[in-house]
Amino acid sequence: MAVTASRTRHPRTRTRIHVVSDVHGNARDLARAGDGADALLCLGDLVLFLDYADHARGIFPQLFGAENATRLIALRTARRFDEARAFAAELWAGVDRNAAVEQAVREQYAELFAALPTPTYATYGNVDIPGLWSEYARPGTTVLDGQRVEIGGRTFGFVGGGLRSPMRTPYEIGDEEYAAKVEALGEVDVLCSHIPPDVPELLYDTVPRRFERGSRALLDAIRRTRPRYALFGHVHQPLARRMRIGATECVNVGHFARTGRPWVLEW
């Protein structure tokens, strides 16, 4: 499944890929994210449920107000997860949670998928709802999870979702199931995932001051198969945005919601 240049006036021998992750509702910049590229890669978290920087944005404040969002964020940041869940449960009492969230997610997906350029290769984030993607992904958007594709002569492997955590986001799976998806890729040139490999410097988020969950299976695959790049998001303000593990350049591309700029890979 090769990608050919379609955005330039003159033929060129190089391939240019733009990569985004953690879009979190930023449809305006997403519509421009593929400009000048042969393809866009999207590594998940299209949905914005709760914005830790702007407490008035997202599904939760849309339903319950910014003040309640601020309180929930404070509890989560303090790692008082049981209290956070109890507080949220009080707010959800009497509300059809599934229906309310699905409606809000559908509204976001309609706008976000319409903004994706052609071609786009995408995988799920931990806050995404995979069951809805087939309804909104248009021709030109290829969804991959535990699958690989060739772009410009290089092989890209995609692993979506996150691992189970106290946050209990929609698309979290067990370690064994996640490892099976990683194993199914085999050797690739570029390993694309939503969450990072299990390396402390790549997992620590400096704003909420906590470690997110990373994958040991990803780390083992990097050491074993030595891809050129490992690209991921999930941690919005990491202690280290990039580091080398053996022959592999590991890069966090999860800054799109804030900066509106894709990461560029060209060869």
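**Hairpin, cores and cysteines**

Strands E13 (residues 242-245) and E14 (residues 248-252) pair in the antiparallel sense, over 4 bridges. The model is predicted. Arg 242 stands opposite Val 251 of E14. Between E13 and E14 there are 2 residues, and the two strands form a hairpin. Gly 246 lies in the turn and has a positive phi of about 60 degrees.

Nonpolar packing comes next. In soluble globular proteins, nonpolar side chains tend to be buried together. The largest nonpolar core holds 59 residues. Within this core, the most other members are touched by Val 20, Val 23, Leu 30, Leu 46, Phe 60, Tyr 109 and Tyr 178. Helix H5 (residues 97-115) supplies the largest share of this core, with 7 residues.

Leaving aside residues up to four places away in sequence, Leu 46 touches Val 23, His 24, Gly 25, Gln 108, Tyr 109, Leu 112, Phe 113, Asp 128 and Trp 133.

The cysteines were examined for disulfides. A search of the whole structure finds 0. For Cys 42, the closest cysteine sulfur is that of Cys 192, 11 Å away. A disulfide requires sulfur atoms within 2.5 Å, so the sulfurs of Cys 42 and Cys 192 are too far apart for a bond. Cys 192 is accordingly in no disulfide. Cys 42 is buried, at a relative accessible area of 1%. Cys 192 is buried as well, at 0%.

Terms used: Residues are numbered from 1 along each chain as its sequence is written. This is a predicted model: local features need pLDDT of at least 70, side-chain atom pairs count only at pLDDT 80 or more; totals for chains, interfaces and linings use all residues. Side-chain values use heavy atoms; hydrogens and water are left out. Two strands pair if DSSP finds at least two bridges between them. A nonpolar core is a set of buried Ala, Val, Leu, Ile, Met, Phe, Trp, Tyr and Cys residues joined through side-chain atoms within 4.5 Å. Buried means under 20% relative accessible area, exposed over 50%, partly exposed in between (1.4 Å probe, protein chains only). Contact means heavy atoms within 4.5 Å.
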